[in-house]
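Visitor: I am new to this structure and would like to know how its descriptions are reached. Could you take me through a few of them with care?

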Amino acid sequence: MANSLELRSLGNTGLKLSCVGFGASPLGSVFGPVSDEQAIATVREAFRLGINFFDTSPFYGGTLSEKVLGKALKAVGVPRNEYIVSTKCGRYKEGFDFSAERVTKSIDESLERLQMEYVDIFQCHDIEFGSLDQIINETIPALQKLKEAGKIRFIGITGLPLGIFSYVLDRVPPGTVDVILSYCHYGIIDTTLEDLLPYLKSKGVGVISASPLSMGLLTESGPPEWHPASPELKAACQAAVAFCKKKGKDISKLAMQYSLCNKDISTILVGMRSVEQVQVNVAAATELANCDKDQQTLAEVEEILKPVKNQTWPSGI
């Protein structure tokens with residue numbers, strides 16, 4: 001039985017994405033090993049519950065995420081026109097390369113790993129690590145050729161600092177870039193993406209927001225060692241997690257619901273590697289659709305996090 005996850009339009013693309021998107025980086029075993037059986041079961045459950053958007057990159061697990069996602073999608077056997085896949089180019093295990101030559105080769109490698117004829121969205125991955133002028137003058141024109149060749153349907157850019165999006169969008173012809181993917185800038189502790197939404201809307205650009213849990217800050221297990229957040233922010237998040245736990249509430253679910261509330265964001269992308277994670281994330285969305293959000297706990301958590309709001313990243317990011 002398919003659950004009715006809300007579908008939202010993605011900018012001017014004509015695509016309608018499930019409000020919860022499937023982040024496939026964990027399928028590359030980046031957070032611990034994932035067997036093919038587990039990956040297939042997870043993707044099957046995602047379809048069963050109404051998720052239609054899957055996001056990966058050759059960088060995740062050094063190409064493993066693409067291979068495993070491709071294998072799982074094939075095994076589940078849903079018709080290709082019933083789901084939307086995005087992958088990326090420019091960031092690889094070996095480092096960054098946004099040259100026209102590399103990204104043109106990159107799509108063929110990705111399509112082979114994914115076992116597909118085309119991808120719906122092809123995104124330049126973490127462009128702040130390259131030269132933005134190269135992205136504008138070389139990479140995007142190369143992607144436009146791939147679009148004409150039918151290998152990709154839409155062009156996107158991704159990265160952490162929000163300033164990169166307007167820098168590029170102001171310098172390419174309107175309609176050239178279809179989608180942006182931003183992460184860690186729309187959630188309980190950081191809502192700075194909000195300021196950019198009217199601008200993106202005016203450009204007809206679709207918005208994907210990833211990592212509503214701020215790369216582990218809003219989870220009971222806490223962030224990984226390498227997390228760039230300040231000690232103050234980590235401490236505030238730990239306090240919010242402990243508060244929710246004491247009340248018998250799940251902070252991750254609350255955070256997910258907070259991010260889902262903004263309808264100008266087409267989909268909230270969250271990494272998944274188990275049937276249970278799919279169920280938890282979809283439950284957050286379906287509860288919300290039934291107006292079942294825990295307003296009280298959310299207000300209390302926001303109060304705890306107020307002193308560190310929008311200070312997620314070291315300055316300059």
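Guide: A crossing of two helices is left-handed if the near helix is turned anticlockwise from the far one by less than a right angle, and right-handed if clockwise. Helices (H or I, at least four residues) and strands (E, at least two) are DSSP runs, numbered from the N terminus. The model is predicted, with local features needing pLDDT of at least 70 and side-chain atom pairs counting only at pLDDT 80 or more, while totals for chains, interfaces and linings use all residues. Residues are numbered from 1 along each chain as its sequence is written, and side-chain values use heavy atoms, with hydrogens and water left out.

Visitor: What is the hand of the crossing of H3 and H4?

Guide: The crossing of H3 and H4 is right-handed. Helix H3 (residues 100-114) and helix H4 (residues 132-148) pack at about 35°, their axes lying 9 Å apart, where axes are lines fitted to C-alpha atoms, for helices over the stretch in contact, and angles run from 0 to 180 degrees between N-to-C directions. Contact (heavy atoms within 4.5 Å) is made by Ala100, Val103, Thr104 and Ile107 of H3 with Glu138, Thr139, Ala142, Leu143 and Leu146 of H4.

Visitor: Why is threonine 13 called buried?

Guide: Buried means under 20% relative accessible area, exposed over 50%, and partly exposed in between (1.4 Å probe, protein chains only); threonine 13 has a relative accessible area of 10%, so threonine 13 is buried. Threonine 13 lies in the loop between strand S1 (7-9) and strand S2 (16-18), and, leaving aside neighbours within four places in sequence, threonine 13 is in contact with Phe154, Asp178 and Val179.

Visitor: How do you know that the buried residues of H10 line one face of the helix?

Guide: The buried residues of helix H10 (residues 295-305) are Thr297, Leu298, Val301 and Leu305. Seen down the axis of H10, these buried residues fall within an arc of 100°, so they line one face of the helix, the arc being that of the directions from the helix axis to the C-beta atoms. On the other side of H10, Gln296 and Glu303 are exposed.
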